Amino acid sequence: SGGPGPRVYFQSPPGAAGEGPGGADDEGPVRRQGKVTVKYDRKELRKRLNLEEWILEQLTRLYDCQEEEIPELEIDVDELLDMESDDARAARVKELLVDCYKPTEAFISGLLDKIRGMQKLSTPQKK
């Protein structure tokens, strides 16, 4: 019992990725995920998931493609929530959709509507 752990570890040659910092930060995200559930309101989390699904659905229509083919877009809801006005938000989303040939107004106003009243999920780490 407890044997396999170390044995697997020693298999990797010295200086391999399995050792040192690489090994440690593999666990990072997983452990953080556990905390997230506690820290955030489930309702907010559910809202986010629904929003993500809605965004994907809209983008597949806008870009006329399958979900897998949607161009890489970083629609960061927290970033949008940080902005002081809907105009700023709309401008930001428009920038992201710059290569979309279909009209994006409806999507943008729908998105702004949906995020209104949402809370930011990323708790500010500053200070």
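This is a predicted model: local features need pLDDT of at least 70, side-chain atom pairs count only at pLDDT 80 or more; totals for chains, interfaces and linings use all residues.
Numbering runs from 1 along each chain as its sequence is written, and side-chain values use heavy atoms, without hydrogens or water.

So, the overall layout. The protein chain has 6 helices and 0 strands, where helices are DSSP runs of H or I with at least four residues, strands are E runs of at least two, and numbering goes from the N terminus. Of its 127 residues, 28% count as buried; that is under 20% relative accessible area, with exposed being over 50% and partly exposed in between, using a 1.4 Å probe and protein chains only. Take contacts (heavy atoms within 4.5 Å) between residues at least 6 apart in sequence: 63% of them join residues at least 24 apart.

Which helix gives the most to the lining? That's H3, with 8 residues. By class, we get 11 nonpolar, no polar and 5 charged residues.

Now H5, residues 86–96. Its buried residues are Arg89, Ala90, Val93 and Leu96. They cover an arc of only 120° around the axis, so they sit on the same side of H5; the arc is taken from the directions from the helix axis to the C-beta atoms. On the face turned away from that buried side you'll find the exposed residues Asp87 and Glu95. Helix H4 (77–82) and helix H6 (105–115) are among what covers the buried side.

Why does Arg89 count as buried? Because its relative accessibility is 14%. Its side chain makes a polar contact of 2.9 Å with that of Asp86; the cut-off there is a pair of N or O atoms within 3.5 Å, within protein one able to donate a hydrogen and the other to accept it, and residues adjacent in sequence count only if both atoms are side-chain atoms. Beyond four places in sequence, Arg89 touches Leu80, Leu81, Met83, Leu112 and Ile115.

Two of those, Leu112 and Ile115, are among the buried residues of H6. The buried residues of H6 pack against helix H3 (42–62), H4 and H5. After H6 comes Gly117, with a positive phi near 85°.

Last stop: Arg48 and Met118. Arg48 is in H3, and Met118 is in the segment after H6. Arg48 counts as buried at 10% relative accessibility, and Met118 is buried at 10% too. They're 70 residues apart along the chain, yet their C-alpha atoms are separated by 8.7 Å. Met118 also comes to 7.2 Å from Glu44, C-alpha to C-alpha. Beyond four places in sequence, the contacts of Met118 include Glu44, Arg48, Val77 and Leu81.

Definitions and conventions. Ala, Val, Leu, Ile, Met, Phe, Trp, Tyr, Cys and Pro count as nonpolar, Asp, Glu, Lys and Arg as charged, and the others, Gly among them, as polar.
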